[in-house]
Amino acid sequence: MIADDARLDALVAAAADAREHAYAPYSRFKVGAAVLTESGRVHVGVNVENASYPCGMCAEQSAVSAAVTSGDRGIDAVAVVTEAVEPAAPCGICRQTLYEFNPGMTVVLANTAGARRVHRLSDLMPHGFGPRDLIGT
Ligand code: THU
C-alpha cells in the first residue's frame, strides 16, 4: 500500500492511540507503534514491560507480531510514537525485526507534541542482514 501523506497521518494517529495502552510501569516510557501492510491494513503494538526486565517487549515488535499473526507480512510503513522531546528512533533489535519484512519501508518517528521525522529503514540500518543473506547457506 503506497504510504502517502494521508496514510502516514492515519498511521501516526493509530500508533498514538495504541500508545495509551502501553504497559511501561518500570521505565514510564510509553511507546506506540503501527505498521501499514501491503494489504492496506494497519496493525498496532505497544511496549509491554515485565518485572523481569529483559522479558520486556518493544512496541515495534508487538506491532510486527500482530501483523504476522493476522496473516500480513509485507510492511510498507511503520509509525512510532513516544513522548520524547525528539521523536525517538527504533532500537537496534526493532530495526532488525522490521528489516526482515522490508528494508525499504518508510519509518515515521513522531512525538505526542506533533514533531515528526520520516526515514527509510535502510537509511537507519545500512548494510543490514536479512533473508536474502541466508540464500545459499
Ligand atoms: N522501547 C520500544 O518500545 N521501542 C524501541 O524501539 C525502543 C524502546 C521501549 C522498551 C522499554 O519498554 C521502554 O521503551 C524504555 O526503553
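Predicted model: local features only at pLDDT ≥ 70, side-chain atom pairs only at ≥ 80, totals over all residues.
Good morning. Followed along the sequence, the elements come in the order α-β-β-α-β-α-β-β-α. The radius of gyration is 14 Å, close to the 14 Å that the globule rule gives for 137 residues, so the chain is as compact as a globular protein of that length. Along the principal axes, the C-alpha atoms occupy a box of roughly 45 × 40 × 30 Å.

I turn now to the ligand. Where does the ligand sit? It is placed in the largest pocket. The residues that surround it are S27, F29, V31, N47, E49, C58, A59, E60, P90, C91 and C94. By class, this shell comprises 7 nonpolar, 2 polar and 2 charged residues.

N47 contributes a polar side-chain atom, 2.9 Å from a ligand oxygen. For A59, a backbone N or O atom lies 2.9 Å from an oxygen atom of the ligand. E60 again uses its side chain, with a polar atom 2.8 Å from a ligand oxygen.

To summarise, the ligand sits in the largest pocket, with N47, A59 and E60 each placing an atom at the stated distance from a ligand oxygen. Thank you.

Notes:
Residues numbered from 1 in each chain as written. Heavy atoms only, no water. Near = heavy atom within 4 Å. Polar contact = N/O pair within 3.5 Å; in protein donor to acceptor, adjacent residues only side chain to side chain. 1 Å grid on protein atoms, 1.4 Å probe; cavity = no way out; pocket = protein on both sides within 12 Å on 5 of 7 lines; lining within 4 Å. Sits in = over half its atoms within 2 Å of the grid points. Nonpolar A, V, L, I, M, F, W, Y, C, P; charged D, E, K, R; others polar. Helix = DSSP H or I, 4+ residues; strand = E, 2+ residues; numbered from the N terminus. Rg over C-alpha atoms; globule rule 2.2 N^0.38 Å.
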